Amino acid sequence: LFDRSKSPIQVTEAGKIFCVYGEKILNMEKSLYRKLHEQNGCEKLVLKVGAPPISGDYILSRLLPRMANNYPSIQLELCSDYSYNLYRKLASQQIDVACVVAPNTDPSIAAELILYEKVFLVAARTHPSLRNYDTEHANIDHPIMISPQELNDYPMIQFIASYTEACLRQQSYSPKTIIKASSSPLALELAAKGVGLTSVVRCQLKYGRSEIVQSLVPISIGDCKLPVYIVYNRMANKSLPEINLFIEEAKEEYFDASGL
């Protein structure tokens, strides 16, 4: 199965055939247990769902109640991780389906684009960079319109090297000072206290903690949008039709917000 004469060790042609049939056998086993559970009604089917720690929580908070209401026989088991780790877990079938924000490069994984999430910069309503703007009436539908390069003298609070950085650079936004935060909620809280600006996706402002969100002002950074995908293992999808139910519910829930 392995060619040990090469470094690193590689799978032989026989090994590739073994993997293909081994995957089919594992999927057949999963399908068998599902059918038996349905027949006997002895326990719920478990659908393992992955999501990234920042945007995933807000997106799934709308989708999971819908699934629970429409498909009470399906028990959802959640896994929070970064997109690249979720792809690995899908490939090894540790999870069944995932909501991710990174594009797919693995041919064994199928992806369905369900929506685009608008990306904003946010600052406290009393932030000095906004003194000449109407911050009282600004919201996610009517953000402050300001050239990002005018904000370069103010600190940027960064959780991780995020997906928004490339978009911000295109808008000539390159802050002189970067403050590293240990979590996204902390970055938002620091921004709300006037420490600096930070980036968020629309769902964070719409569904986040009201006491924090209400003290923040969204600032437009042009047509910066985050694609959100539902992804799944192509082989697992054949033996687990509930994945398709999950995808259809996601499309229904986010039809009006898709921006597609």
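Figure 1. Gln10 belongs to strand β2, which spans residues 10-11. The model shown in this and the following views is a predicted one. With a relative accessibility of 41%, Gln10 is classed as partly exposed. When neighbours within four places in sequence are set aside, Gln10 is in contact with Leu1, Phe2 and Asp3.

**Figure 2. A nonpolar patch on the surface.** Five residues, Leu1, Phe2, Ile9, Val11 and Phe18, make up a nonpolar patch on the surface. Together they have about 500 Å² of accessible area. Phe18, one of the members of this patch, is located in helix α1. The relative accessible area of Phe18 is 53%, so this residue counts as exposed.

Figure 3. Lys16 and Glu13 form a salt bridge in which the closest N and O atoms are 3.4 Å apart. Both residues lie in helix α1 (residues 13-40), and because they are 3 residues apart, about one helical turn separates them. In general, an α-helix has 3.6 residues a turn, so residues three or four places apart point the same way. Lys16 is partly exposed, at 44% relative accessibility, whereas Glu13 is exposed, with a relative accessible area of 56%.

**Figure 4. Arg66 and its two salt-bridge partners.** A salt bridge joins the side chains of Arg66 and Glu249, with an N to O distance of 2.4 Å. This pair links distant parts of the chain, since Arg66 is in helix α2 (residues 55-70) and Glu249 is in helix α9 (residues 242-253), 183 residues apart. Arg66 is partly exposed, at 25% relative accessibility, while Glu249 is buried, at 8%. A salt bridge also connects the side chains of Glu253 and Arg66, at 3.1 Å from N to O. Glu253 lies in helix α9 and Arg66 in helix α2, so this pair ties together parts of the chain that are 187 residues apart in sequence. Through shared partners, the salt bridges join Arg66, Glu249 and Glu253 into one network. In the structure, the count of salt bridges comes to 9.

**Figure 5. The buried residues of helix α3.** Helix α3 covers residues 83-91, and its buried residues are Ser83, Asn85, Leu86, Tyr87, Lys89 and Leu90. These buried residues of α3 pack against several strands: β3 (45-51), β4 (74-80), β5 (97-100), β6 (109-124) and β11 (216-233). After α3 comes Gln93, which has a positive phi, near 60°.

Figure 6. The structure holds 0 disulfides. For Cys203, the closest cysteine sulfur is that of Cys99, at a distance of 8.9 Å from the sulfur of Cys203, which is too far for a bond. The cut-off for a disulfide is a pair of cysteine sulfur atoms within 2.5 Å. Cys203 is buried, with a relative accessible area of 6%. Cys19, by contrast, is partly exposed, with a relative accessible area of 46%.

Methods
Residues numbered from 1 in each chain as written. Predicted model: local features only at pLDDT ≥ 70, side-chain atom pairs only at ≥ 80, totals over all residues. Heavy atoms only, no water. Buried < 20%, exposed > 50% of the residue type's maximum accessible area, 1.4 Å probe, protein only. Helix = DSSP H or I, 4+ residues; strand = E, 2+ residues; numbered from the N terminus. Contact = heavy atoms within 4.5 Å. Salt bridge = Lys/Arg side-chain N within 4 Å of Asp/Glu carboxyl O. Patch = residues over 30% accessible without salt bridge, like charges linked within 9 Å, V, L, I, M, F, W, Y side chains within 5 Å. Areas by Shrake-Rupley, 256 points an atom, 1.4 Å probe, with all protein chains shown as cover.
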